[in-house]
Amino acid sequence: MRKYLIAGNWKMYTTPPEATTLASAIAEKQQFLSPPSSVQTLICPPYTSIYAAVEAVKGSGVRVGAQDCHTENKGAFTGEIAPAMVKASGCSHVIVGHSERRQYFSETNALLNKKILAALNEGLVPIYCVGETLIERKQEQTIAVVRSQLVDGLKDVSLKSADQLVIAYEPVWAIGTGLAATSDQAQEVHAAIRGFLKEILGAHGAETLILYGGSLKPENAEEILAKPDVGGGLIGGASLQEDSFAAIIAMACKLAL
Ligand code: PGA
């Protein structure tokens, strides 16, 4: 049976009341779909809506994650949120190194490595994002870029089980643009990532889920999710509507059987 993680990245959308409405609607869809245990569902609201989302999905099987965390667990770091706080708020996962963090907040592989180690230390599952820009793709640098993001970002990471970590391949040119990678483009990079993960993580690297992200929607999800090295999706725009998010979960359920 294939495993999938269908994760919604809500970015900077939803106030707490809006999060309650959306998370409740997703929980309802989830209960209707009743996915097998091999298909996990996750929503990642902004920090201020995490509590509302956790309350709204209670008992539904939908998990909640954060979109980022700091490298330290406490201290004088005004404005930051510690991994321990994320965990204690009811989150199971945390997105680390989303391309918007790399691009707008200058996050480097070395910093992201510290965040990943800190999150793992708290028992959170980091969803580590990698991916090339359009220029890098045009210069045929995609595989080299992704390799160094993985080698540097996963330095000193040693897993006890494959499900402690998730990777998301998100080509920067596909995020929020409506222009997704083709299923073949996605599979090509996912296969390369699988090889690097085995090199870096050993046996667990063969099992770690690799999500695709970048304009994933009901229209293209089935073809992309069917590819052998695609283990789910990290979904922005289409995760903000319960119908499109549920349609993608339904496809994962179908493919998992
Ligand atoms: P998108 O975003 O689905 O809106 O392209 C994906 C992401 O940024 O994780």
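The legends below describe close-up views of a predicted model. Residues are numbered from 1 along each chain as its sequence is written, and side-chain values use heavy atoms, without hydrogens or water. Local features need pLDDT of at least 70 and side-chain atom pairs count only at pLDDT 80 or more, while totals for chains, interfaces and linings use all residues.

**View A. The largest nonpolar core has 65 residues.** A nonpolar core is a set of buried (under 20% relative accessible area, 1.4 Å probe, protein chains only) Ala, Val, Leu, Ile, Met, Phe, Trp, Tyr and Cys residues joined through side-chain atoms within 4.5 Å. Among the residues with the most contacts inside this core are Ile-43, Tyr-128 and Leu-150. A second, separate core of 13 residues includes Leu-42 and Val-125.

**View B. The ligand is surrounded by 13 residues.** Ligand oxygen atoms lie 2.7 Å from a side-chain N or O atom of Lys-11, 2.7 Å from a polar backbone atom of Gly-176 and 2.9 Å from a backbone N or O atom of Gly-237.

**View C. Glu-107 forms salt bridges with Arg-101 and Lys-115.** In a salt bridge, a side-chain nitrogen of Lys or Arg is within 4 Å of a carboxyl oxygen of Asp or Glu. The closest N and O atoms are 3.1 Å apart for Arg-101 and 3.0 Å apart for Lys-115. Glu-107 counts as buried because its relative accessibility is 7%.

Technical notes. Buried < 20%, exposed > 50% of the residue type's maximum accessible area, 1.4 Å probe, protein only. Near = heavy atom within 4 Å. Polar contact = N/O pair within 3.5 Å; in protein donor to acceptor, adjacent residues only side chain to side chain.
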